[in-house]
Amino acid sequence: MTATDALSKGQDTQDIPARSETGGISALSIDGVSHAYGPRKALIDVGFTVAPASFTALLGLNGAGKSTLFSLITRLFGIQQGHIGIFGHDIAQAPGEALRLLGVVFQPRTLDLDLSVTQNLLYHAALHGIGRRDARERSSEVLTRIGLADRASSKVRDLSGGQMRRLEIARALLHRPRLLLLDEATVGLDVKARADILMHVRRLVSEQGIGVLWATHLFDEITASDALVVLHQGRILARGQVARVVAEAGAPDLNAAFMRLTAGAADLGSAA
Amino acid sequence: MSSTTVPAQPRGFSVAQYVTCLNGIVWREGLRFLHQRERFVSALVRPLVWLFIFAAGFRQVLGISIIPPYETYILYEVYITPGLMAMIQLFNGMQSSLSMVYDREMGNMRTLLVSPLPRWYLLFCKLFAGTAVSLLQVYAFLLIAWFWDIEPPPLGYLTVLPALALSGLMLGALGMLISSGIRQLENFAGVMNFVIFPMFFASSALYPLWRVQEGSPMLYYVCLLNPFTHAVELIRFALYGQVNWISLAVVGGCTMTFMIGAVLAYDPSRGLIRRGPAGGET
């Protein structure tokens, strides 16, 4: 299959069932979602699913529409067209049920810098209706797991960039979600911090069965066995297992496959 | 990839969860307030400057006749005290809205908005927390004013509490509504010029309305239409154990209106949808 074929396949309007390929219910199902800021279209007929206990990479350059998609999944923006479901709960119809199963790490830091590490976690727990005693136990548990137990009383302002990101991940896990969204979670971090965070997230998938949607523009964060969604200029160019996407694009590696896919999109764009 | 069923979870939220959420938001606002000591000091200095300097200077110029709820002649300082209490709440409401714009720009607001609890309730909690902080400021002001011989009836300190709560909610809801329409922090200076100052000066906070009517009938009607005037009068009467029913109705109605407006403005399908993503995001 050529890059253009792969592109066309990606652009097909397919029924995106709320069920994963194995027949179980999808952790995340996105179906025919389009979004525009005035005349500018940020997302065009986007559809894919994320299976439970899977790592799905959402690959796209800056401006691809990843953050817009995250804002729609988390209900920061209203859905203009299409449907988004989290474990079968429609985000527009049953936001409470859907958001309860969702943990999010946004691209910009969303921690309160003036509060301590524990205070940030307790605040998040309260927003999910988790009582103080339970919240303290969970906080101490997640802090131990991410290696920040000794910084529990530190002001967030005093943490390094990597520690802040780990704390955000810990916070996103505090209410025990089944789906975790991470939007460019390693941006601005050094190589070691990036590797640590990525390893931690992959462990969440394998050990705790959490479904992960990992938005990135960095190819080296994606492995051949990951599920992949390529988003470019608001459109999905390809989706499937990385190895399959690469093979279908007729490329030697993901980097080359991405270049071919996006070049194909540019060709289509100029032809149109 | 493994298949799975929908994780078992209770539907809806219990009362205890709603209360936990409210406590958490109030606790966080309180912590932030305590961490920002300069905010507390400036919130107190502003009305105290008016009380100690402005009122002392104008005491001889501005005579106050006997008007309800007062039963005798009063000093000008006594007259403007309710207005200054409302001023604290006005600034606090706008400060809260400033912090919401800041939180939205910095991303902190997302933490609140992705909570699974209903958004109207989250906004109400935020409003409630801001009002609670303003009550602390007002009572601290009253304590200092007491040493300046501003001594309302002892019971007035209690009877004014519901009035302060309602006026705090109204001004906080107004601030929240305004914050929903402000795209950038830099635009907030306009709020000072177009909201805070006109609301404060075109009210009964500094001078009784009969005086305004003598000077400018048109301004008198503007003052009458200004909800801040009614917040001041509600507080003034409550401080003396009385209820100004018209002001109560206006403040209650405005609180509901502003609150509904803010909830609609922060509704993802109405308000935030019209905005683009935050800077640097796509």
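Two strands pair if DSSP finds at least two bridges between them. The legends below describe close-up views of a predicted model.

**View 1. Strand β3 of chain A and its partners.** Strand β3 (residues 55-59) of chain A runs parallel to strand β8 (residues 211-216) of chain A and is joined to it by five bridges. Within this pairing, A:L59 has A:T216 of β8(A) as its bridge partner. Strand β9 (residues 227-232) of chain A also runs parallel to β3(A), with four bridges between them. Here A:T56 stands opposite A:A227 of β9(A).

**View 2. The two faces of β3(A).** Five of the five residues of this strand are buried. A:F55, A:A57 and A:L59 lie on one side, and A:T56 and A:L58 on the other, so that both faces are covered.

**View 3. The domains of chain A.** The domain assignment divides chain A into domain 1 (3-101 + 178-271) and domain 2 (111-176). Nine residues of domain 1 and seven residues of domain 2 form the contact. On the domain 1 side, helix α7 (residues 191-208) of chain A gives the most, with five residues. That side consists of six nonpolar, two polar and one charged residue.

**View 4. The largest nonpolar core.** This core has 154 residues, and those touching the most other members are A:A170, A:L179, A:V230, B:M170, B:A173 and B:I235. Helix α3 (residues 76-106) of chain B provides the largest share, 13 residues. Because domain 1 and domain 2 of chain A both give residues to the core, it lies between them.

**View 5. The surroundings of B:I235.** Leaving aside residues up to four places away in sequence, B:I235 touches B:P82, B:M85, B:A86, B:V160, B:A163, B:L164 and B:S167.

Methods. Residues numbered from 1 in each chain as written. Chains lettered and ligands numbered in written order. Predicted model: local features only at pLDDT ≥ 70, side-chain atom pairs only at ≥ 80, totals over all residues. Core = buried A, V, L, I, M, F, W, Y, C linked by C-beta atoms within 7 Å. Buried ≥ 20, exposed ≤ 12 C-beta atoms within 10 Å, placed from the backbone. Domains from an automatic or database assignment. Contact = placed C-beta atoms within 7 Å. Nonpolar A, V, L, I, M, F, W, Y, C, P; charged D, E, K, R; others polar.
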